[in-house]
Amino acid sequence: MSLLTVIIILILIIIAWWLIPTKDPYVQEVLSFQGNIERGNAIFQVNCAGCHGINGNGNVGPSLVDVSKHKSDGQIIHQVTGGKTPPMPKFQPSSEDMADLLIYLRQLS
């Protein structure tokens, strides 16, 4: 097998690993709730609007308008709870609160 073939296979494995949804119990529990947009908006205003703008258009943090078009629900949940993009802090809402926030984020457009 050539080096190029090995590199291509490794890249495909990494991409597949990144795209395959994880069976994270927290994510599964969040996705089991329907979510409430009004409560999600309230959570957003208290915890997110300072950086992402009142309407999610961006401020210090990036715009979240149409975020669900380029991130899956699982990716959004992990972004919110992980705080892996400094200066975004870790935020660990209850599963129901996260479901409310997720449904609110999905409708930003």
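**Surface, core and loops**

Mentor: Let us begin with the surface, computed by the Shrake-Rupley method with a 1.4 Å probe, with only the protein chains shown counting as cover for residues. The accessible surface of the chain comes to about 7300 Å², and carbon and sulfur atoms account for 64% of it. This is a predicted model, in which local features need pLDDT of at least 70 and side-chain atom pairs count only at pLDDT 80 or more, while totals for chains, interfaces and linings use all residues. Residues are numbered from 1 along each chain as its sequence is written, and side-chain values use heavy atoms, with hydrogens and water left out.

Trainee: How many helices and strands does the chain have?

Mentor: Helices (H or I, at least four residues) and strands (E, at least two) are DSSP runs, numbered from the N terminus. The chain has seven helices and zero strands, which gives the pattern α-α-α-α-α-α-α along the sequence. Its C-alpha atoms fill a box of roughly 55 × 30 × 25 Å along the principal axes.

Trainee: What share of the residues in the chain is buried?

Mentor: A residue is buried under 20% relative accessible area, exposed over 50%, and partly exposed in between (1.4 Å probe, protein chains only). Here, buried residues make up 29% of the 109 residues. As for contacts, these require heavy atoms within 4.5 Å. Of the contacts with a separation of 6 or more, 60% join residues 24 or more positions apart.

Trainee: Which residues touch the most other members of the largest nonpolar core?

Mentor: In soluble globular proteins, nonpolar side chains tend to be buried together. A nonpolar core is a set of buried Ala, Val, Leu, Ile, Met, Phe, Trp, Tyr and Cys residues joined through side-chain atoms within 4.5 Å. The largest one here has 19 residues, and Val30, Phe44, Ile77, Met98, Leu101 and Leu105 touch the most other members. At least two residues of this core come from each of α2 (25-32), α3 (37-47), α6 (73-82) and α7 (95-106). The largest share, six residues, is supplied by α7. Valine 30 illustrates such packing: beyond residues up to four places away in sequence, valine 30 touches Ile77, Ser95, Met98, Ala99 and Leu102.

Trainee: How many aromatic pairs does the structure hold?

Mentor: Rings of Phe, Tyr and Trp (its six-membered ring) pair if their centres lie within 6.5 Å; planes under 30 degrees apart count as stacked, over 60 as edge-to-face and the rest as tilted. The structure holds one aromatic pair. The ring centres of phenylalanine 44 and tyrosine 104 are 5.2 Å apart and their planes stand at 45°, so the pair is tilted. Phenylalanine 44 lies in helix α3 and tyrosine 104 in helix α7, so the pair ties together parts that are 60 residues apart in sequence. Phenylalanine 44 is buried at a relative accessible area of 0%, and tyrosine 104 is buried at 7%.

Trainee: Which residues of α6 are buried, and what covers them?

Mentor: In α6, Gly74, Ile76, Ile77, Val80, Thr81 and Gly82 are buried, and their cover includes α2, α5 and α7. Threonine 81 counts as buried at 13% relative accessibility. Beyond its neighbours within four places in sequence, threonine 81 is in contact with Tyr26, Lys90, Phe91, Gln92 and Pro93. Glycine 74 also counts as buried, at 19%. After α6 comes glycine 83, with a positive phi near 55°.

Trainee: Where should I look for backbone features in the loops?

Mentor: Proline 87 is found in the loop between α6 and α7. Another is aspartate 66, which has a positive phi of about 65° although it is not a glycine. Aspartate 66 is found in the loop between α4 (49-52) and α5 (67-70), and is partly exposed, with a relative accessible area of 25%.
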